[in-house]
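Hi,

Here is the structure I said I'd pass on. Have a look at it first, and my notes on what turned up follow below.

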Amino acid sequence: MTQIKSTVFCDFSKLKNILEHKGFEFDKQAFAPSLVAFVHHFLPLRMKFLCESYVAYEKGKILGLISLEKDEKNPKRLKITRVFLEQNSFDIGKLLVQYVVSRYCAMGAVSFQVVVENSKSDLLSLFIDGCGFRKNADEYLYKIENTDLPNTAEINYEGFNFYKNIRVSEVCRLYNTSINSYQRHSFARVKKQFEPDFASGMSDKTSFSYVLEDEQKGRVYGYFNISTYNNADYVLDFVLDGAFEIYFQDALMFIANSLSKRTKKWNLYVKIKTYFSNYKVFKEYMELKGYKPVKSSSILTKDYLKEIKENSLLKSAKIVFNDITPAFKTNNSA
C-alpha cells in the first residue's frame, strides 16, 4: 500500500536515491533534520514561508516526491516546484498531486500552479490529463552572461531607482493592467505581493527590485525583480509599460551594471511570460540580439476543484522535474 508523508518525518539517508539522482538538483541541506522545518510543517497556510516536500513510498522504497511553496504573500496560491517519479509511476504521480491539492485546499488554498518544460511531454500529460490542470500561458527563459554585455558603468540611467514601498500601489497597477484581460483572473496580484517579505531573512533566497519611474509625477513605468539562491545565477521577472518598451535594453544594461557591483561573474536568466500583452516585443528583442531560449515552458494552473475522470496514461521512464529558480540553489550554472 502506498503511503505519503512529509520529508520532515523521513530519514535523510532514505532520500539519497533521489538527492543523488542525475538531473535532480537541489539543496540537500533542505532535507536535513531541522527544528525550523518541523515547526513550519504545523504552521497554518498564511504563516508558511518555506518550501515543503512529500514522498510516496511502498515497502520502504521511495517511488515519488513532490515539492511546493506558497506564492509570495498570497497564501491561497501555491506553486509546485519539483516532481520525482520512478519508472512507470504515473499513478504515484497522480496520487501525490491529489494529496497535496487536497491537503492544502483543506488549509485554505484555492489555486495551484506548475511551470513545466514543453519538452517534458510525460509530465505535461500527468498534470493536464491526469490531474486536471490547464495550460494558461507560456514562459520563455533567456540566459545572459556577464561577458555578453559591455561595461556600462558610465552610462546615465536616469529614471532607474531602487524600488521603495511607497510605489506599491503604482507597481501593482502597472502589473495588473499589463496582463491580458482574459488571463488576469489567474495572474493578477494584490499590493501585498509587492511588499517586503518579513520571513526573507529565514530563506536562502535573496531578491531585490528596481523601478523605472517619473519621480515628479509619481508614476512607475517598469518593475524589475531580481532573485538568486547562490549569488551567481539571477532570475529577472519584470513588467514594462507598453509606451516604454524602448527602455528594455537600458534596463538590461542597468541590471547588468548592478550585478557586476555584487559579483565578478554572473548569469542573468530573463523570464518572458506570454500573459503580458506586450511580451512579443521583448521576445523579439532577445532573439534579434542572438539570445536563444534555454527553456520554453507551459504555465499550468488548477484554480477550481472538481472530480477528474480517470485517463489512461502511457507508461514511461523516470520523470525528473526542477523548476528553474529553486534549481539555482545548487550553485550550478546552466
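**Salt bridges**

With a relative accessibility of 16%, Lys 143 counts as buried. Its side chain meets that of Glu 145 in a salt bridge, at 3.8 Å from N to O. Glu 145 is partly exposed, at 34% relative accessible area. Before I go on, please keep in mind that this is a predicted model.

How many salt bridges does the structure hold? There are ten. As a reminder, side chains of opposite charge can pair when their charged atoms come close. Besides the pair above, here are some others to look at.

Arg 134 pairs with Asp 303, and their closest N and O atoms are 2.8 Å apart. Arg 134 sits in strand β6, while Asp 303 belongs to the loop between β12 (293-302) and β13 (319-322), so this bridge ties together parts that are 169 residues apart in sequence. On the accessibility side, Arg 134 is partly exposed at 27%, whereas Asp 303 is buried at 19%.

Glu 170 and Arg 173 make another salt bridge, at 3.3 Å from N to O. Both are in helix α5 (residues 168-177), three residues apart, so about one helical turn separates them. Glu 170 is buried, with a relative accessible area of 17%, and Arg 173 is partly exposed, with 27%. Arg 219 comes in here too: Glu 170, Arg 173 and Arg 219 are linked in a network of salt bridges.

**Helix α8 and what covers it**

Next, have a look at α8, which covers residues 279-288. Which of its residues are buried? They are Tyr 279, Phe 282, Lys 283, Tyr 285 and Met 286. If you look down the axis of α8, these buried residues fall within an arc of 160°, so they line one face of the helix. In general, an α-helix has 3.6 residues a turn, so residues three or four places apart point the same way. The face of α8 turned away from the buried side carries Lys 280, Glu 284 and Leu 288, which are exposed.

As for the cover over the buried residues of α8, it includes β6 (134-145), β10 (233-240), α7 (248-262) and β11 (267-273). Just after α8 comes Gly 290, with a positive phi of about 95°.

Setting aside its neighbours within four places in sequence, Phe 224 is in contact with Phe 160, Phe 208, Ser 209, Tyr 210, Leu 212, Leu 236, Asp 237, Phe 238, Leu 240, Ala 251 and Ile 255.

**On the surface**

Phe 9, Leu 35, Phe 38, Val 39 and Phe 42 form a nonpolar patch on the surface, and together they have about 520 Å² of accessible area. Is Phe 42 buried or exposed? Phe 42 is exposed, with a relative accessible area of 55%. You'll find Phe 42 in the loop between α2 (35-41) and β2 (52-58).

**Two asparagines with positive phi**

Lastly, a couple of backbone notes. Asn 88 is not a glycine, yet its phi is positive, at about 55°. Asn 88 sits in the loop between β4 (74-85) and α3 (90-106), and at 42% relative accessibility it counts as partly exposed.

Asn 231 also has a positive phi without being a glycine, here about 60°. The loop between β9 and β10 is where Asn 231 is found. Asn 231 is partly exposed, with a relative accessible area of 42%.

That's what I have for now.

Cheers

Technical notes. Residues numbered from 1 in each chain as written. Predicted model: local features only at pLDDT ≥ 70, side-chain atom pairs only at ≥ 80, totals over all residues. Heavy atoms only, no water. Patch = residues over 30% accessible without salt bridge, like charges linked within 9 Å, V, L, I, M, F, W, Y side chains within 5 Å. Areas by Shrake-Rupley, 256 points an atom, 1.4 Å probe, with all protein chains shown as cover. Salt bridge = Lys/Arg side-chain N within 4 Å of Asp/Glu carboxyl O. Helix = DSSP H or I, 4+ residues; strand = E, 2+ residues; numbered from the N terminus. Buried < 20%, exposed > 50% of the residue type's maximum accessible area, 1.4 Å probe, protein only. Arc of directions from axis to C-beta. Contact = heavy atoms within 4.5 Å.
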